Amino acid sequence: MSQKKVDAYKQEKANRDKIIKREKRILMLEKLAAVVVCIAAVCWIGFSVYTKVNEGKEVVTQETVMDTTALDDYLAGLTSEE
């Protein structure tokens, strides 16, 4: 081996820990990005299916009326007795 190759090998060996940590960090970020993309795709597909299913349905609202005068009178009687 030439001296240049020996020096390059020693330099690589000295920085091996930093190189391995950097490669692991990059790999973790790539996996995280892939997971985020997959989750976004699943959410988008789910939302699209949900809107297609509910597109033709009518929304029925039901209005309920309740007479609370008896309850109001009862509560007013409790506060006036104190």
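The protein has three helices and zero strands. Helices are DSSP runs of H or I with at least four residues, strands are runs of E with at least two, and both are numbered from the N terminus. From the N terminus on, the order is α-α-α. This is a predicted model: local features need pLDDT of at least 70, side-chain atom pairs count only at pLDDT 80 or more, and totals for chains, interfaces and linings use all residues. Residues are numbered from 1 along each chain as its sequence is written, and side-chain values use heavy atoms, with hydrogens and water left out.

Now take the overall form. The C-alpha trace spans about 100 × 50 × 10 Å along its principal axes. The radius of gyration is 35 Å, whereas a compact globule of 82 residues would have one near 12 Å. That radius is taken over C-alpha atoms, and the globule rule is 2.2 Å times the number of residues to the power 0.38.

Next comes the surface. Buried residues make up 0% of the 82 residues. Buried means under 20% relative accessible area, exposed over 50%, and partly exposed in between (1.4 Å probe, protein chains only). The accessible surface comes to about 8300 Å², and 62% of this belongs to carbon and sulfur atoms.

Look at helix H2, residues 16-53, where Leu29 is found. Leu29 is partly exposed, at 47% relative accessible area.

The protein carries 13 positive and 13 negative side chains, and the centres of the two sets lie 38 Å apart. Lys and Arg count as positive, Asp and Glu as negative; His and the chain ends are not counted. Each charge is placed at NZ of Lys, CZ of Arg, CG of Asp or CD of Glu.

Technical notes. Accessible areas come from the Shrake-Rupley method with a 1.4 Å probe; for residues, only the protein chains shown count as cover.
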